[in-house]
Amino acid sequence: MSYWIAPSLANKTNKSISVTNVIYYICNTYEVTYEEVKSKTRLSKVVRARQMIAYVLHKIIGMTLSQIGELLSRDHSTIIYSWREVEKFLDFDIELREVLEDVINNNHILITNQKAKELCK
């Protein structure tokens, strides 16, 4: 797993964003391993973790679909589906929203207050 800096956010905060920390935190929250997330398993908790990782890495950190696909051993079209699923469920899935808010509020990733408000409305 690599260490990646999101230029647009790093310039504002003078800190780097660790993809490793984001993945570790989400895997820990859903009680799955990174190896399970990369595997072909369709267990619901693994799928949910995989989708949340794809969402956070794309929508918040700004990684490309190809970069995320490499990290998760998935095609870019699967990554598109994953983050769209998270967006769809954020409106009514309280657990999903709480995990996202927890990632944001506990500084597992660094984002602006405006972006946090947009994501957690």
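Tutor: A charge sits over a ring if NZ of Lys or CZ of Arg is within 6 Å of the ring centre and within 35 degrees of the ring normal. The charged end of Arg84 sits over the ring of Trp83, 5.7 Å from its centre. Arg48 lies over the face of Phe89, at 6.0 Å from the ring centre.

Student: What kind of model is this?

Tutor: This is a predicted model: local features need pLDDT of at least 70, side-chain atom pairs count only at pLDDT 80 or more, and totals for chains, interfaces and linings use all residues. Residues are numbered from 1 along each chain as its sequence is written, and side-chain values use heavy atoms, without hydrogens and water.

Student: How many aromatic pairs does a search of the whole structure find?

Tutor: Rings of Phe, Tyr and Trp (its six-membered ring) pair if their centres lie within 6.5 Å; planes under 30 degrees apart are stacked, over 60 edge-to-face, the rest tilted. The search finds one pair. Phe89 and Phe92 are edge-to-face, 5.4 Å centre to centre, with 70° between the planes.

Student: Is Phe92 buried or exposed?

Tutor: Buried means under 20% relative accessible area, exposed over 50%, partly exposed in between (1.4 Å probe, protein chains only). Phe92 is exposed, because its relative accessible area is 58%. Phe89 is partly exposed, at 25%.

Student: How do I read two packed helices?

Tutor: Two packed helices are described by the angle and the distance between their axes. Axes are lines fitted to C-alpha atoms, for helices over the stretch in contact, and angles run from 0 to 180 degrees between N-to-C directions. Helices are DSSP runs (H or I, at least four residues), numbered from the N terminus. Here the axes of helix 5 (residues 65-72) and helix 6 (residues 76-90) come within 8 Å and cross at roughly 95°.

Conventions: Helix = DSSP H or I, 4+ residues; strand = E, 2+ residues; numbered from the N terminus.
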